[in-house]
Amino acid sequence: MSQDMSRYLGLFVSEATEHLERLGQALVGLEKAPPEQLPAAVDGLFRHAHSLKGMAASMGYEPATQLAHGAEDLLDALRAQPSRLGGEVVDLLLGAVDALSSQVRCAEAGR
């Protein structure tokens, strides 16, 4: 990582961690969400994934960028059909959150 980018590492870690925490909490909360609230909930999830993708890309973290992009694509498809959001999809997205969290911790540690 260049010296210019390393000065932004702390900000990246802080903001990415916040988005990941909110994304995880929102995913867990979907189980209790009434069907009429699903479109707004999916939009919120999409925004977090989109922000993560952009932040990872700006830092040059390609694996995190690709994973966040995949989550974003899945959430975008769910925006068209929020009724398809089920336990398997939530589990898949929670797995992506876990993997992204691990990648953020690795970035923080300089790996």
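Buried means under 20% relative accessible area, exposed over 50%, and partly exposed in between, using a 1.4 Å probe and protein chains only. This is a predicted model, in which local features need pLDDT of at least 70 and side-chain atom pairs count only at pLDDT 80 or more, while totals for chains, interfaces and linings use all residues. Residues are numbered from 1 along each chain as its sequence is written, and side-chain values use heavy atoms, with hydrogens and water left out.

**View 1. The protein has 5 helices and 0 strands.** Helices (H or I, at least four residues) and strands (E, at least two) are DSSP runs, numbered from the N terminus. Read from that end, the order is α-α-α-α-α. Its radius of gyration, taken over C-alpha atoms, is 14 Å, close to the 13 Å that the globule rule (2.2 Å times the number of residues to the power 0.38) gives for 111 residues, so the protein is as compact as a globular protein of that length. Of these 111 residues, 37% count as buried.

**View 2. His-19 sits in helix α2 (residues 9-29).** With a relative accessible area of 18%, His-19 is buried.

**View 3. Glu-72 and Lys-53 join their side chains in a salt bridge (2.8 Å, N to O).** Glu-72 belongs to helix α4 and Lys-53 to helix α3, so this pair ties together parts that are 19 residues apart in sequence. A salt bridge here is a side-chain nitrogen of Lys or Arg within 4 Å of a carboxyl oxygen of Asp or Glu. Glu-72 is buried, at 5% relative accessible area, and Lys-53 also counts as buried, at 18%. The structure holds 4 salt bridges.

**View 4. Asp-43 and Arg-79 meet through their side chains in a salt bridge (3.6 Å, N to O).** Asp-43 lies in helix α3 (residues 38-59) and Arg-79 in helix α4 (residues 62-80), so the pair links parts that are 36 residues apart in sequence. Asp-43 is partly exposed, with a relative accessible area of 29%, and Arg-79 is partly exposed at 35%.

**View 5. Arg-79 also has a salt bridge with Asp-76 (3.0 Å, N to O).** Both residues lie in helix α4, 3 residues apart, about one turn of the helix. Asp-76 is partly exposed, at 38% relative accessible area. Through shared partners, salt bridges join Asp-43, Asp-76 and Arg-79 into one network.
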